[in-house]
Amino acid sequence: IYSAGVVLFAFHSTSYPFIEHGDNVTPENLIYKLYLVLDKYPEEFWRRHATLQKKREDAWSDEFKELFKGMCAYDPSQRWTIEQVKESDWYKGPVYTQEEVTKIMGEHF
């Protein structure tokens with residue numbers, strides 16, 4: 001579930017959610033230990049990502065934030081199950097039609 005959450009975040013955000021220990025981590029890059037920030041201060045996690053990615057803070061819906069936090073909880077015993085993922089509002093949310101996907105992909109690639 002954790003790995004699927006990381007991949008989902010990467011698809012949604014075009015960046016990774018966390019920088020691991022050996023990835024040029026410095027206090028100045030504002031992202032060190034974001035896996036802990038997500039757990040204790042989720043609003044700060046999203047604020048930092050918005051800043052780093054030069055996005056608005058509402059780039060991620062509340063439904064997506066809830067899903068991601070559940071999938072990537074720091075404590076593995078607190079991570080969502082696949083059943084919980086499937087019951088999430090984001091998972092059950094609207095889906096693009098084939099025409100919409102074609103239009104969006106054409107605008108970006």
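Colleague: Let me start with Arg-47. How does Arg-47 count at 35% relative accessibility?

Modeller: This is a predicted model, so read every value as computed from it. At 35% relative accessibility, Arg-47 counts as partly exposed. The class lies between under 20%, which is buried, and over 50%, which is exposed.

Colleague: Which side chain does Arg-47 meet in a salt bridge?

Modeller: The side chain of Glu-44. The N to O distance is 2.5 Å. Glu-44 is partly exposed too, at 22% relative accessibility.

Colleague: Why are Arg-47 and Glu-44 separated by about one helical turn?

Modeller: Start with the general idea. An α-helix has 3.6 residues a turn, so residues three or four places apart point the same way. Now this case. Arg-47 and Glu-44 are 3 residues apart in helix α3, so about one helical turn separates them.

Colleague: Which residues are linked in the network of salt bridges?

Modeller: Glu-44, Arg-47 and Arg-48.

Colleague: How many salt bridges does the count come to?

Modeller: The count comes to 6. Lys-92 and Glu-87 are both exposed.

Colleague: How far apart are the closest N and O atoms of Lys-40 and Asp-39?

Modeller: They are 4.0 Å apart, and the pair forms a salt bridge. The cut-off is within 4 Å. Lys-40 is exposed, with a relative accessible area of 58%. Asp-39 is partly exposed, at 31%.

Colleague: Now the fold. How many helices and strands make up the secondary structure?

Modeller: There are 6 helices and 0 strands. Reading from the N terminus, the elements run α-α-α-α-α-α.

Colleague: What share of the residues count as buried?

Modeller: Of the 109 residues, 28%. For a local view, take α4. Its buried residues are Phe-64, Lys-65, Leu-67, Phe-68, Gly-70 and Met-71.

Colleague: Which helices do the buried residues of α4 pack against?

Modeller: They pack against α1 (2-13), α2 (34-40), α3 (42-53) and α5. For the whole chain, look at contacts between residues at least 6 apart in sequence. Of these, 47% join residues at least 24 apart.

Colleague: Next, charge on the surface. Which residues gather in the patch of negative charge?

Modeller: Glu-43, Glu-57, Asp-62, Glu-63, Glu-66 and Asp-89. To read such a patch, ask which element supplies it. The largest share, 3 residues, comes from helix α4 (residues 62-71).

Colleague: Take Asp-62. Is Asp-62 buried or exposed?

Modeller: Asp-62 is exposed, with a relative accessible area of 57%. Asp-62 is found in helix α4. That helix also holds buried residues, among them Phe-64 and Leu-67.

Colleague: Which residues form the nonpolar patch on the surface?

Modeller: Tyr-96, Val-101, Met-105 and Phe-109. Together they have about 490 Å² of accessible area.

Colleague: Where is the place of Tyr-96?

Modeller: In the loop between α5 (82-87) and α6 (98-108). Tyr-96 is exposed, at a relative accessible area of 57%.

Colleague: What does the accessible surface of the protein come to?

Modeller: About 7,800 Å². Carbon and sulfur atoms hold 56% of that surface.

Notes:
Residues are numbered from 1 along each chain as its sequence is written. This is a predicted model: local features need pLDDT of at least 70, side-chain atom pairs count only at pLDDT 80 or more; totals for chains, interfaces and linings use all residues. Side-chain values use heavy atoms; hydrogens and water are left out. Patches are made of residues with over 30% relative accessible area and no salt bridge: like charges are joined within 9 Å, nonpolar side chains (Val, Leu, Ile, Met, Phe, Trp, Tyr) within 5 Å. Accessible areas come from the Shrake-Rupley method with a 1.4 Å probe; for residues, only the protein chains shown count as cover. Lys and Arg count as positive and Asp and Glu as negative; His and the chain ends are not counted. The place of a charge is taken as NZ of Lys, CZ of Arg, CG of Asp or CD of Glu. Helices (H or I, at least four residues) and strands (E, at least two) are DSSP runs, numbered from the N terminus. Buried means under 20% relative accessible area, exposed over 50%, partly exposed in between (1.4 Å probe, protein chains only). Contact means heavy atoms within 4.5 Å.
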